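Dear colleague,

Please find below the structure that I am handing over to you.

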Amino acid sequence: MATIESILHETRVFSPSAEFAKRANISGMAAYQALCDEAKSDYAGFWGRLARDHINWHKPFTRVLDESNAPFYKWFDDGELNVSWNCLDRHLATQGDKTAIIFESDEGEITHCSYRELHEQVCQFANGLKSLGVKQGDRVVIYMPMRIEAVIAMQACARIGAIHSVVFGGFSAKSVHERIVDAGASVVITADEQTRGGKHHALKATVDEAMSMGNTDLVRAVVVYRHTGTDIGWQPGRDKWWHELVEGQASECEPVWVNAEHPLFTLYTSGSTGKPKGVQHATAGYLLGVMTSMHWIFDYQPDDIFWCTADVGWITGHSYVTYGPLAMGATQVIFEGVPTYPDAGRFWKIVQDHKVTTFYTAPTAIRSLMKLGPDLPQQYDLSSLRLLGSVGEPINPEAWMWYYTEVGQSRCPVVDTWWQTETGCHMIAPAPGAVPLKPGSCTLPLPGIDAAVVDEAGHEVEPGYGGFLVIKRPFPSQLRTLWNDPERFKRAYFPHDIGGGRYYLAGDSAHCDKDGYFWIMGRADDVLNVSGHRLGTMEIESALVAHPYVTEAAVVGRPHEVKGETIVAFVVLKNKLPQGDQVAEITATLRDWVAKEIGPIARPEEIRFGENLPKTRSGKIMRRLLRALAKGEEITQDTSTLENPAILEQLKQPAP
Ligand code: WTA
């Protein structure tokens, strides 16, 4: 990648307050730099020290990193531990009565669960799984609502060394089926239904449909948690009620001590092409990653009330709901519902009611709440907040500023955390008591993370120029392989031509500024080439969103004979859809605006307006669909993961 013009010109900088810095786990830039230096001078010593500091080992390790079979790296590989023991048992003596989970249901019902209670429920359920014959190394598919039981199911698997594979509750039967088969699951755990935004969605019926699609003979049991109590189909012998399974089970369950490299879970994620990839994480390295990032980036303090809004169906929910907060002994909020039900103040009400200190969500949620209720945060008491976080996609500076000033009242640092399913935990993100913030930048790598921006040959590019984001040295929390597909693992993440097969290739494009700050420009495949100029879609989108008319925008390339590509923008306005003459008028305004903000080269050729954009249920804009729409193609791709399929019709019409 020769040059991607970096065109984002953000100059605002926000340094941590003295008060925040004083209390922080990484206090000041010198402390941050000292950790980076420690990693640089003795890489194995650094990670070995952290692994001893954070994790309780059943059998201590003597080796830190084994690179002999790169890129199949091993960490701490002669040590033994159990993740569930680290998340639960080790807190019992000192804080068994501390609330582990404050659960709030879709309808606002609140349940508190202490570490002791959670431990007991996990043990009972683990014993239940054992009674079904589940043993170490078996795969268990979990397809659950966002409730305490989802965490219990995952923790119970970890306790007995079973490998869970959580499927997000919004996925279709076809996706559930694909994952059951690929994982070779012996048990599926589900619920009758889930409730989100006042609506019920079937889960068990979807599992039944998936089970009827063939090749599911390995599945011995389907465990069903009764949530809404609706009538469901039942296959005697195969189907078991959760409450009957745990009835009479002992409330202690000796953990299975596993090797550090034992797979903890797989999680399927989409690649740029082909079938979903079963990203496989190991036990110790993953646990270490989520704990160090809780400590450094979320600056975890024992009196925190932590709330990550992600569903456990995604990596963010794995790392910062099921594992990270519990490993730290934190109190966390788990919320079943959606940000806009019963109204757009729901998140702020939850923060107020539970005195949340640390709030972690996605830019798409921030933008939608900014649109629906820009002044709503002021109507709630958000004084408990001390830290805000963002994840999942680049956060455009305008949304960042709203989040910072309106939600955080200019008091709370915003940690924009760049990472991926594959990396297991934060990779590039500010240590909030040290690193000055720049809106729109995920700032600097975590200590020990050797991130860089390189060209196609693997050479680092100059500041200001875009390229491929890579991580040059192996790190403990990285994926170990793709389930059943080690070749694809090597090909996709350690390609030979970039860094000789040694660099982890993230698949994102990025650039660094002169201060070494990273700016994610989007997926490497979302880069446009217009008349020989490469442009990051993200930057054009940021420009559009910076216009007062615009709430959200997505930009894709359309092949063009002369220019290579032209830019098509899909735009959601703050006001309702433009009619008649307004369309041409607003289009012209926005095209000129982008040309002015970035340069004439970035002027969109076409702008289409919609009430929304096609998004996955996790809130990611599905650009491949937009690319097809821009080209005027019929949509033949799978749209089962779309939150709002109807939007495609609206965006299909070319602008007049
Ligand atoms: C994008 C989610 C910019 C990026 C944890 C990455 C981000 C992909 C950020 C991984 C961020 C995630 N800034 N882009 N702070 N966080 N991304 O696997 O393109 O669902 O490659 O993991 O999301 O998505 P995934």
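This is a predicted model: local features need pLDDT of at least 70, side-chain atom pairs count only at pLDDT 80 or more; totals for chains, interfaces and linings use all residues.

Residues are numbered from 1 along each chain as its sequence is written, and side-chain values use heavy atoms, with hydrogens and water left out.

The ligand

The ligand is surrounded by 16 residues, where a residue is near a molecule if one of its heavy atoms lies within 4 Å of it. The closest are Asp416, Thr417, Gln420, Thr421 and Asp508. By type, the shell divides into six nonpolar, five polar and five charged residues; here Ala, Val, Leu, Ile, Met, Phe, Trp, Tyr, Cys and Pro count as nonpolar, Asp, Glu, Lys and Arg as charged, and the others, Gly among them, as polar. Helix 11 (315-328), strand 21 (414-417) and strand 26 (518-523) each supply at least two residues of this shell. Helices (H or I, at least four residues) and strands (E, at least two) are DSSP runs, numbered from the N terminus.

Polar contacts are pairs of N or O atoms within 3.5 Å. A nitrogen atom of the ligand lies 2.7 Å from an N or O atom in the side chain of Asp416, and a ligand nitrogen atom is 3.1 Å from a polar backbone atom of Gly392. An oxygen atom of the ligand is 2.6 Å from a polar side-chain atom of Thr421. Taken alone, the ligand exposes 520 Å², of which the protein buries 91%; accessible areas come from the Shrake-Rupley method with a 1.4 Å probe.

The strands

Strand 21 is covered on both faces, with Val414 and Asp416 buried on one side and Val415 and Thr417 buried on the other. Buried means under 20% relative accessible area, exposed over 50%, and partly exposed in between (1.4 Å probe, protein chains only). Strand 20 (residues 387-391) runs parallel to strand 21 and is joined to it by four bridges; two strands pair if DSSP finds at least two bridges between them. Within this pair, Gly389 stands opposite Val415.

An open sheet of eight strands has the order 13-12-9-7-8-15-16-24, with mixed pairing. Strand 13 (239-241) and strand 24 (481-482) stand at its edges with a single partner strand each, so one side of each has no neighbour in the sheet. Strand 9 (residues 187-191) pairs with strand 12 (residues 221-225) in the parallel sense over five bridges, and Val188 stands opposite Val222.

Helix 17

The 17 residues of helix 17 (residues 581-597) should span 24 Å at 1.5 Å a residue, and the end C-alpha atoms are 24 Å apart, which agrees. The expected span is 1.5 Å times one less than the number of residues. Among the buried residues of this helix are Ile586, Leu590 and Trp593. Gly599, with a positive phi near 140°, follows the helix.

Backbone features

Cis peptide bonds join Ala70 to Pro71 and Tyr341 to Pro342. Pro71 is in the loop between strand 2 (65-66) and strand 3 (74-75), whereas Pro342 lies in the loop between strand 18 (331-335) and helix 12 (346-354).

Phe76 has a positive phi near 55° and counts as buried at 0% relative accessibility. Thr443 has a positive phi near 70° and is buried at 1% relative accessibility.

Yours sincerely

How values were computed:
A polar contact is a pair of N or O atoms within 3.5 Å; within protein, one must be able to donate a hydrogen and the other to accept it, and residues adjacent in sequence count only if both atoms are side-chain atoms.
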